[in-house]
Amino acid sequence: MTATWMQRLIEVEVGAVAHGGHCVARHEGRVVFVRHALPGERVVVRITEDTGGSFCRGDAVEVLQASPDRVPAPCPFAGPGLCGGCDWQHASWQAQRELKAAVVAEQLHRLAKLDWEVIVEDLPGGPEDWRTRMRMAVGPDGRPGFRAHRSHQVIPVDHCVIAVPDALDDVVDRTWPPKSELVVARDAGGRTHVTEIGPPIVRRGRPVPGPSRLRQGSGTATELAAGRTWNLRSDGFWQVHPAAADTFAEVVGDWADCRPGDRAWDLYGGVGLFASVLAEQVGPTGSVAVVESSYGAVADGRLNLSDQPQISWHPGRTEVVLDSPGFTDAPPDVVVLDPPRKGAGKVVVTAIARSRPARVVYVACDPAALARDIAVFAQHGYELAQLRAFDAFPMTHHVECVALLRPAR
């Protein structure tokens, strides 16, 4: 077995950005994925992860030749070995968007065989003070914080520069049950909701799934988007950037472009944000079928959209619902999907393509998964017609994309 380089210090020239919040360098014939560096820099890297294969991972612990895009990190908890939540605090905001655009373009080129010019658009508010929902971990000493990169280690914090102001004030100044987790949500009304998730019960060395994880203090959050007021579980899914829900709903509505009487599918539909837009377009003579695996989200959606009888709710995993008897008997005119980070996958994409909608609007939080699914759509005769990318997660490597696919001409 090849000896590993763990904790070894090496000097490298930093190459291109890669998906995941790091850049690529090479040393002695091996690939090194480097965090806390920027393309073109010369840095000293401490190897933090190495299994002896063709690549390893490391942190830039000293910058010998800095990029003009480098800036001081505004957070004292950002840096090698510290909080793993923010990947690009050492880059200017403009540079962050350019790095993300390069990643999206590279994924489309490599996985979907598309050469596409990508521009990552900013959302209002700047790179700090934007995050309304956070998941925190509690260390053995009861202090809340965030995990280090690719680690279970909890880094205690007393503030977070990307959190909306005051969101963590009543969280970080007290102790919590060790090894528990906290879901913190600051809603549109300025109220902070904290859900405590108890540590899992471990039996025979393994955590017991499901109800063994006790939740307390969930509450109901109020959000505003798409011209509506939404009341939903505070620990459920909602966009974390204050401007994201409205922005994405507007783009989805523009590209869906349903007509009165149309049929639409809203897959991975959550509480029905996009369904509300589609329902207004199709009107009382049309239909919108929402598929969502979270029964809590479905319950919230039904309550919030009870005034839209043209919306039907189908709880369950998307691939299962699409394969259920009768669901695809009436093909849709438009399909909207917002899958989790892993993407929709071949089964779901194939089912959508077989239904032959005139337009598919795909909302993606992972550019690699989006590119893979676009490649599958292409195998079924669909082509990428438009794409917009948004910096909905400043300081991090995450980027949100909305893609429009149509039957190839």
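Which residues does A275 touch, not counting residues up to four places away in sequence? The contacts of this residue, and those of several others, are described below for a predicted model, after an account of the chain as a whole.

The secondary structure of the chain comprises 8 helices and 24 strands. The radius of gyration is 22 Å, close to the 22 Å given by the globule rule for 409 residues, so the chain is as compact as a globular protein of that length. Along the principal axes, the C-alpha atoms fill a box of roughly 65 × 50 × 45 Å. Of the 409 residues, 53% are buried. Contacts between residues at least 6 apart in sequence were also examined, and 61% of these join residues at least 24 apart. The chain exposes about 18700 Å², of which carbon and sulfur atoms supply 52%. Its side chains include 43 positive and 49 negative ones, and the centres of the two sets are 8 Å apart.

The domain assignment divides the chain into domain 1 (8-70), domain 2 (105-124 + 241-407) and domain 3 (133-219). Between the C-alpha centres of domain 2 and domain 3 the distance is 30 Å.

A275 belongs to helix α4, which spans residues 273-282. With a relative accessible area of 0%, A275 is buried, because buried means under 20%. Leaving aside residues up to four places away in sequence, A275 touches D266, V288, V290 and I311. One of these contacts, I311, is 36 residues from A275 along the chain, and the C-alpha atoms of the two are separated by 7.4 Å.

Helix α7 covers residues 345-354, and its buried residues are V348, V349, T350, I352 and A353. These buried residues pack against both helices and strands: the helices are α6 (318-322) and α8 (367-379), and the strands are β18 (263-267), β21 (334-337), β22 (359-364) and β23 (382-391). Within α7, V348 has a relative accessibility of 2% and therefore counts as buried. V348 touches L267, Y268, T318, E319 and L322, with residues up to four places away in sequence not counted. V348 and V184 are 164 residues apart along the chain, and 32 Å separates their C-alpha atoms. Just after α7, R356 adopts a positive phi of about 55 degrees.

Two buried loop residues were also considered. H36 is placed in the loop between β4 (30-35) and β5 (42-49). The relative accessibility of H36 is 10%, so this residue counts as buried. When residues up to four places away in sequence are not counted, H36 touches D59, A60, R70, G79, P80 and H90. V161 is found in the loop between β10 (154-156) and α2 (169-172). Its relative accessibility is 9%, and V161 therefore counts as buried. The residues that V161 touches, other than those up to four places away in sequence, are P74, C75, Q89, E128 and D129. V161 and P407 lie 246 residues apart along the chain, with a separation of 44 Å between their C-alpha atoms.

Positive phi values in residues other than glycine occur at A226 and at D257. For A226, phi is near 55 degrees. This residue lies in the loop between β16 (220-225) and β17 (228-233). A226 has a relative accessibility of 29% and so counts as partly exposed. For D257, phi is near 50 degrees. D257 is placed in the loop between α3 (244-256) and β18, the strand against which buried residues of α7 pack. D257 is partly exposed, with a relative accessible area of 34%.

Conventions
Residues are numbered from 1 along each chain as its sequence is written. This is a predicted model: local features need pLDDT of at least 70, side-chain atom pairs count only at pLDDT 80 or more; totals for chains, interfaces and linings use all residues. Side-chain values use heavy atoms; hydrogens and water are left out. Helices (H or I, at least four residues) and strands (E, at least two) are DSSP runs, numbered from the N terminus. The radius of gyration is taken over C-alpha atoms; the globule rule is 2.2 Å times the number of residues to the power 0.38. Buried means under 20% relative accessible area, exposed over 50%, partly exposed in between (1.4 Å probe, protein chains only). Contact means heavy atoms within 4.5 Å. Accessible areas come from the Shrake-Rupley method with a 1.4 Å probe; for residues, only the protein chains shown count as cover. Lys and Arg count as positive and Asp and Glu as negative; His and the chain ends are not counted. The place of a charge is taken as NZ of Lys, CZ of Arg, CG of Asp or CD of Glu. Domain bounds come from an automatic or database domain assignment.
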